[in-house]
Amino acid sequence: MRLPAVKHLFKDGPSAVPGDWRGQLRNQIRSIDELLLFRPELVGHVAVDSARRWEADRASRSFRFATTRYYAGLIDAGNPECPILAQVLPQHVELHDLKSSDPDPLREEQHMPIPGLTHRYPDRVLWYLSHHCAVYCRFCLRKRKVSRADSAPRRDAREQALNYIASHTRIKEVILSGGDPLSLADEVLDELLTALRNIEHLISIRIHTRMPVTLPDRITPTLVDIFQKHYPITLVTHFNHAAEITEAAAGAVRRLRMAGVLVLNQSVLLRAINDTVCAQQELLSGLVRMGVKPYYLHRCDPVSGVSHFQTAIRAGAQILQALRGRNPGIALPRYVIDLPGGGGKVPIEVDYARGAVPEGGARFSNWAGEEFIVEDTD
Ligand SMILES: *Cc1c(COP(=O)(O)O)cnc(C)c1O
Ligand code: SF4
């Protein structure tokens, strides 16, 4: 078998052919058996008992299992609770979600004037360009369509979406999303960016992609040249754990930054994966160290089959409170929650106000819990 040998060659995460991102996508690991061939040391964590294994296989039929060899190479076989494994491995609990049976709690499909375009806020649209990803994350908010080839937006829908954006001058920003928009070919991305750049009322083009985390080789010199040509581009990526911060990932971020791309990160607060102060501190400082500004920390949405990842609303606020004062301000994301039924995102702030003072002024507590009075003016 060539796989174990290949893995041996690339310490930083194996890939079928280094640098060849298309080959790596074609060579995705697509079954648990294949994963075990590639990482035989995982048998103890993955196989469990046959009943659970059967259910995990069933779970991967309702939402595909796939990972790049690079990402699977990051799994720590010595840790049964490895945060990488927990993000990709289908679990029987996905089929027994007692808390949510709603595949689309944010009503993304209802605010869709054109297939593949969600227009919820007056000034920005979310455009789902591809339903493919390098890795399928078990907590994916868009399980209902991501990974299903038959649900991918058709080519002529792109034309319609561009016309819609061009004819609605209230739209200031277009967010290319998915799935993963960087699954598309360079030429297609270049064409889309050119078309969007020609729309005068747009002030911002943003790309949401997990490729720097799951397939850093996708960030090729050709791709960053395209981004540079269409400057300024904002790219929001999705690191969830410090274990995802590798030399390869840092290289991808570096190429983006050198091409003038603003690189931000959004992560999802996930039970037993990154829901501790320590895990967040390592993640956030690792991000800033490699040149990524943390943007959002999301509370996991109540999507059917995902509830086991959800944390209490207060958990994220408590973590951020503990981090303020211990971490540079630029390393702190905003903690946000998506309101059900398509209400949009709201930030959940840590509340430092401790009420008014009778003599005038207001009382606050700081990150360490000490209290201070601030004088006020009219
Ligand atoms: C999250 C989201 C956006 C982007 O929101 P920002 O706060 O600008 O990052 C836009 N449209 C929809 C439908 C969203 O869910
Ligand atoms: S990369 Fe994003 S869209 Fe794709 S499976 Fe993961 S969370 Fe879902």
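Author: Buried means under 20% relative accessible area, exposed over 50%, and partly exposed in between, with a 1.4 Å probe and protein chains only. This is a predicted model, in which local features need pLDDT of at least 70 and side-chain atom pairs count only at pLDDT 80 or more. Residues are numbered from 1 along each chain as its sequence is written.

Reader: Why is Phe 309 called buried?

Author: Its relative accessibility is 5%, and the limit is under 20%, so Phe 309 counts as buried. Phe 139, with a relative accessible area of 6%, is buried by the same rule.

Reader: What makes Phe 139 and Phe 309 an aromatic pair, and why is it called edge-to-face?

Author: Rings of Phe, Tyr and Trp (its six-membered ring) pair if their centres lie within 6.5 Å; planes under 30 degrees apart count as stacked, over 60 as edge-to-face and the rest as tilted. Here the centres are 6.0 Å apart and the planes at 85°, so the pair is edge-to-face. The two residues lie 170 residues apart in the chain.

Reader: Why is the pair of Tyr 295 and Tyr 296 called stacked?

Author: The centres are 3.9 Å apart with 25° between the planes, and 25° is under 30 degrees, so the pair is stacked. Tyr 296 is buried at 15% relative accessibility, whereas Tyr 295 is partly exposed at 25%.

Reader: How do you know which residues surround ligand 2?

Author: A residue is near a molecule if one of its heavy atoms lies within 4 Å of it. The residues around ligand 2 are Cys 133, Val 135, Tyr 136, Cys 137, Cys 140, Gly 179 and Arg 210.

Terms used. Chains lettered and ligands numbered in written order. Heavy atoms only, no water. Helix = DSSP H or I, 4+ residues; strand = E, 2+ residues; numbered from the N terminus.
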